[in-house]
Amino acid sequence: MPNWDAELYLKFSRERTQPSVDLTARIAIPDPGRIIDLGCGPGNSTAVLRQRWPKAEITGLDGSSDMIAAASRSYPHHEWILGDISAWSARIPFDLVFSNAALQWTPSHEVLFPHLFAQVAPGGALAVQMPAHFDSTLHREILETAGNPSWRHLMGQALNALTKKPPSFYYNLLQPLAARLEIWRTEYYHVVDSPQSIIEWFRGTGLRPFLAALENEEQKMRFEELLLERYTRAYPPQNDGRILFQFRRLFIIAYRA
Ligand SMILES: C[S@@+](CC[C@H](N)C(=O)[O-])C[C@H]1O[C@@H](n2cnc3c(N)ncnc32)[C@H](O)[C@@H]1O
């Protein structure tokens with residue numbers, strides 16, 4: 001998997017952080033003592049958790065040393081762990097296992113989600129947000145660009161890099177385990193300057209495996225050019241010339257009895 005770049009990720013920091021604000025606001029646990037933020041990135045989602053529960057003991061875990069370094073520079077008083085979500089288990093269960101915009105990068109959700117739920121203490125919750133790529137223009141245009149005969153043979157890993165399951169998958173998985181389950185989807189309309197801004201946005205996240213699969217800079221430029229043509233058609237300008245960039249996100253909160 002190509003490396004994460006904290007600086008590039010934080011370019012759209014306000015927009016990227018809003019879903020963690022919305023997820024945190026809906027968690028109906030008044031006073032969780034211990035919280036873990038899985039795939040904490042540069043610490044932006046962890047800071048949202050800290051703001052809502054200033055007294056909680058909060059740990060951030062991420063698989064990227066660049067992200068953990070950025071998080072510890074910005075928030076030196078938190079506990080930061082470099083680690084892989086797929087291999088993580090809690091020594092003592094957490095009152096809140098939280099993950100914003102990270103679990104789409106992990107495989108085998110049929111195993112991972114029940115495992116994460118098992119790391120939640122009684123009365124606590126598993127709270128997750130992921131892009132709803134099972135149903136997104138944003139991602140579909142990338143998949144179609146990846147199908148171009150010039151590089152289709154290189155794209156095997158990239159096509160499977162993101163997990164894209166629909167809401168019913170998570171309902172059927174978690175409903176037998178949870179005392180209460182809430183699932184919802186929000187469509188954000190981010191205002192960006194141009195279709196090029198959408199590419200810049202996604203270059204820091206979901207586009208990375210596709211660009212990494214290509215053989216050289218010339219192919220990468222051509223891939224982005226073709227994708228830009230598609231985004232220009234899919235996201236027409238508004239009256240002021242700017243673009244409404246629709247981004248659908250799936251939210252899940254599973255409460256433990
Ligand atoms: C899109 S960022 C999300 C950052 C932050 N949580 C937020 O709300 O903006 C995804 C993060 O997940 C991390 N990540 C992806 N797969 C991971 C894994 N298997 N284990 C640990 N971290 C992972 C990446 O390093 C990256 O920092």
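Two strands are said to pair if DSSP finds at least two bridges between them. Strands (E, at least two residues) and helices (H or I, at least four) are DSSP runs, numbered from the N terminus. The model is predicted: local features need pLDDT of at least 70, side-chain atom pairs count only at pLDDT 80 or more, and totals for chains, interfaces and linings use all residues. Residues are numbered from 1 along each chain as its sequence is written, and side-chain values use heavy atoms, with hydrogens and water left out.

The protein chain contains 11 helices and seven strands. Of its 257 residues, 51% are buried, where buried means under 20% relative accessible area (1.4 Å probe, protein chains only).

Ala125 stands opposite Tyr255 in β7, and Glu187 has Arg248 of β7 as its bridge partner. Because 11 of the 13 residues of β7 are buried, this strand is largely enclosed by the rest of the structure.

Helix α5 (residues 109-117) has buried residues at His109, Leu112, Phe113, Leu116 and Phe117. Seen down the axis of α5, these residues fall within an arc of 130° and therefore line one face of the helix; the arc is that of the directions from the helix axis to the C-beta atoms.

Definitions and conventions
Buried means under 20% relative accessible area, exposed over 50%, partly exposed in between (1.4 Å probe, protein chains only).
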